[in-house]
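Before reading on, please look over the sequence and the model shown below.

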Amino acid sequence: MIAFLTGRVAARGAGSAVIDVGGVGMTVQCTPSALSRLHVGETGTVATSLIVREDSLTLFGFADDDERHLFEQLQTASGVGPRLALAILSVHNPAGLRQAVATEDTAALTRVPGIGRKGAQRIVLELAGKLESPVLTDGTLPPAEGAAAGASDAARRAQVVSGLVNLGWSAKDAEAAAAAVTAESQSTDVAVLLRTALRRLSRA
């Protein structure tokens, strides 16, 4: 398992970054909180999870060990794959996700595009009691900073773009939709902005 990567950030996109590790460029699909810590030309570190498929090897990157733990735990629920798990972490920070599961707040989970009422109920049922204790970082990675609420307009827009890319939209379309909804909407809720952008793209 590749637990983390440290290297110079060679490039950063809407939902991913390329990290130069010893002369090898590693593409990492990242959560918004992980991307916010990566700056092109500077050294960055991300916790990682490697997903192996018959036709691909995909690295997913996180701000800290706790985010990675939640990403992996989410995939133990029926119907939740890595892309949807990443989308969930694009809308909910670790504390918010734990609270939603612990209080059986299915409405909060359905704010993630791609999760319906039954899917949210299944996630709550299957993950109950599994997400309660945060995973402490070993010191290699600083703890992730809290969440979408209170983020700047630019940070919210980046989270919306990341969520859309994780759901399969192109970076160009995601950036255009995110820019439009953050400019037009008075909401500061990333989940609301993400749903609005998704509806906008679906109508296009």
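Read along the sequence, the protein follows the pattern β-β-β-α-β-β-α-α-α-α-α-α-α-α, with nine helices and five strands in total; helices (H or I, at least four residues) and strands (E, at least two) are DSSP runs, numbered from the N terminus. This is a predicted model, in which local features need pLDDT of at least 70 and side-chain atom pairs count only at pLDDT 80 or more, while totals for chains, interfaces and linings use all residues. Residues are numbered from 1 along each chain as its sequence is written, and side-chain values use heavy atoms, with hydrogens and water left out.

Of the 204 residues in the protein, 44% are buried, where buried means under 20% relative accessible area, exposed over 50%, and partly exposed in between (1.4 Å probe, protein chains only). A nonpolar core is a set of buried Ala, Val, Leu, Ile, Met, Phe, Trp, Tyr and Cys residues joined through side-chain atoms within 4.5 Å, and two such cores are listed here.

| Core | Size | Residues, among them |
|---|---|---|
| Largest nonpolar core | 43 residues | Phe71, Leu74, Ile88, Leu97, Ile123, Val160 and Leu164 |
| Another core, apart from it | 11 residues | Val9, Ile19, Cys30 and Leu59 |

Not counting residues up to four places away in sequence, Val160 touches Ala178, Val190, Leu193, Leu194 and Ala197, where contact means heavy atoms within 4.5 Å.

Turning to the surface, Val52, which is found in strand β4 (residues 43-53), is exposed, with a relative accessible area of 52%.
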